[in-house]
Amino acid sequence: MPLPLLLPAFLAVAITPCPASAKAQLDGLYRWQVARQERRGPIEITSQQSRFTDGLYQKLRRAYALDPASGRFVDFDLFSGTQVSTFGAKVLGCTAAPGGGLEARVAVQAGLRNRPSETPQQLRYQLVPGPAGTWKITDIVYSSPAGFRLSSFLAELLAPKP
């Protein structure tokens, strides 16, 4: 078979249902996300600590604690990749990742006030095995701009400024 015909089959990734514990982590995160948007004040992520790897959680905590007056702050919704409200999310499925991890594909419904966008945001959550069969979020890859990662954003945001 010619190479051009094989290439699409090679690039296709089998998406399968996520393990129940991985899906539960993501579903719980979005229940919190939707509920917390109704409260005013700083984002308090402490209740979500068990969903993230220790390193990612510490960076999230530090990022949310930044003072906007300093010019350094989280300027978008990290769990939708937008600057609008999140209405919910659907875990579409998972693929195996190197080292025993998973990549979970999540369609996030976001929009203005009570008008969700017709096209969900597509996010890819990087998950690693946690204790007792759980999964921990170690990174998020956003669809736009292509390949933009939460870990890269946080590293740049939290880096000491000269």
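Q: What covers the buried residues of helix 3?
A: Strand 5 (135-142) and helix 4 are among the elements that cover the buried residues of helix 3. Helices (H or I, at least four residues) and strands (E, at least two) are DSSP runs, numbered from the N terminus. This is a predicted model, in which local features need pLDDT of at least 70, side-chain atom pairs count only at pLDDT 80 or more, and totals for chains, interfaces and linings use all residues. Residues are numbered from 1 along each chain as its sequence is written, and side-chain values use heavy atoms, with hydrogens and water left out.

Q: Why is glutamine 126 called buried?
A: Buried means under 20% relative accessible area, exposed over 50%, and partly exposed in between (1.4 Å probe, protein chains only). Glutamine 126 has 15% relative accessibility, so it counts as buried. It lies in strand 4 (residues 121-129). Leaving aside residues up to four places away in sequence, glutamine 126 touches Leu102, Glu103, Lys136, Ile137, Thr138, Asp139, Val141 and Arg149, where contact means heavy atoms within 4.5 Å.

Q: Why is alanine 35 called partly exposed?
A: The relative accessible area of alanine 35 is 35%, so it is partly exposed. Alanine 35 belongs to helix 2 (residues 20-36).

Q: What makes the buried residues of helix 3 lie on the same side?
A: The buried residues in helix 3 are Leu56, Tyr57, Leu60, Ala63 and Tyr64. Their arc around the axis is only 130°, so they are on the same side of helix 3. The arc is that of the directions from the helix axis to the C-beta atoms.

Q: How do you know that the buried residues of helix 4 line one face?
A: In helix 4, Leu150, Phe153, Leu154, Leu157 and Leu158 are buried. Seen down the axis they fall within an arc of 115°, so they line one face of helix 4. They pack against helix 3 and strand 5.

Q: Why are helix 3 and helix 4 called oblique to each other?
A: Helix 3 (residues 54-64) and helix 4 (residues 150-158) pack at an angle of about 50°, with axes 10 Å apart. Angles under 35 degrees count as roughly parallel, over 145 as roughly antiparallel, 65 to 115 as roughly perpendicular and the rest as oblique. Helix 3 and helix 4 are therefore oblique.

Q: Which residues make the contact of helix 3 and helix 4?
A: Helix 3 contributes Leu56, Lys59, Leu60, Arg62 and Ala63, and helix 4 contributes Leu150, Leu154, Leu157 and Leu158.

Definitions and conventions: Axes fitted to C-alpha atoms, helices over the stretch in contact; angles between N-to-C directions.
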